[in-house]
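Dear colleague,

Please find below the structure that I am handing over to you, followed by an account of what was found in it.

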Amino acid sequence: MQLDKFSDYALRILVALAAHAPSKLATSQIAKMYDVSENHLAKIATALAKAGYVVSERGRGGGLTLAKPACDISIGHVLRALKKDEPVAECFASGGSCAILPACGLRTPLQEAQEAFFAVLDGYSLADVSSARGALQDLLRL
């Protein structure tokens, strides 16, 4: 399994927020920390807010904060929430057009592999992956 940029950046946003909690961080600050597009991060932040992982406040004094404690945010759950509509292979998509679908034996192993991937990540919380707060703050300093 490979994370796409959307999922990768979503996890980066969460790590930055965990490292700087309880402070608010603007999307522009996080974009500078990682040297990535602010517009792209804004879309991802919106998805994280919609999924209930971050709180987004607009305006002066606004920014992003974690919606719940880092220890209550499962990495596997975050990725499932963000990837729920993306099939691991074409045969999992509704209306998939794979020519060998009726006789293919790949569906079950691929589905099991995807679930194993998420199951491993379910065992890790945001607190686990951001436990080196001081080092993360130093690396993500503006």
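Read from one end of the sequence to the other, the protein chain follows the pattern α-α-α-β-β-α-α-α-α. Its secondary structure comes to 7 helices and 2 strands, where helices (H or I, at least four residues) and strands (E, at least two) are DSSP runs numbered from the N terminus. The model is predicted, so local features need pLDDT of at least 70 and side-chain atom pairs count only at pLDDT 80 or more, while totals for chains, interfaces and linings use all residues. Residues are numbered from 1 along each chain as its sequence is written, and side-chain values use heavy atoms, with hydrogens and water left out.

The C-alpha trace of the protein chain spans about 55 × 30 × 25 Å along its principal axes. Of the 142 residues, 32% count as buried (buried means under 20% relative accessible area, exposed over 50%, partly exposed in between, with a 1.4 Å probe and protein chains only). Among contacts (heavy atoms within 4.5 Å) between residues at least 6 apart in sequence, 66% join residues at least 24 apart.

Helix packing

Helix 1 and helix 2 pack at an angle of about 105 degrees, and their axes are 11 Å apart. Here axes are lines fitted to C-alpha atoms, for helices over the stretch in contact, and angles run from 0 to 180 degrees between N-to-C directions. Helix 1 is therefore roughly perpendicular to helix 2 (angles under 35 degrees count as roughly parallel, over 145 as roughly antiparallel, 65 to 115 as roughly perpendicular and the rest as oblique). Arg12, Ile13, Val15, Ala16, Leu17 and His20 of helix 1 make this contact with Ile30, Met33 and Tyr34 of helix 2.

Helix 2 (residues 27-34) also packs with helix 3, at an angle of about 120 degrees and with the axes 9 Å apart. That makes helix 2 oblique to helix 3. From helix 2, Thr27, Ser28, Ile30 and Ala31 meet Glu38, Leu41, Ala42 and Ala45 in helix 3.

Helix 4

In helix 4 (residues 75-83), the buried residues are Ile75, Gly76, Val78, Leu79, Leu82 and Lys83. Seen down the axis of helix 4, these buried residues fall within an arc of 160 degrees, so they line one face of the helix; the arc is that of the directions from the helix axis to the C-beta atoms. Their cover includes helix 1 (5-20), helix 3 (38-50), helix 5 (107-122) and helix 6 (126-129).

Loop residues

Ser125 lies in the loop between helix 5 and helix 6. Ser125 is buried, with a relative accessible area of 10%. Apart from its neighbours within four places in sequence, Ser125 is in contact with Ala70, Cys71, Ile73, Ser74 and Ile75.

Ser130 sits in the loop between helix 6 and helix 7 (133-139). Ser130 counts as buried, at 4% relative accessibility. Not counting residues up to four places away in sequence, Ser130 touches Val15, Ala18 and Leu136.

Leu101 is found in the loop between helix 4 and helix 5. Leu101 counts as partly exposed, at 29% relative accessibility. Residues up to four places away in sequence aside, Leu101 touches Cys91 and Arg107. The C-alpha atoms of Leu101 and Glu90, 11 residues apart along the chain, are separated by 9.5 Å.
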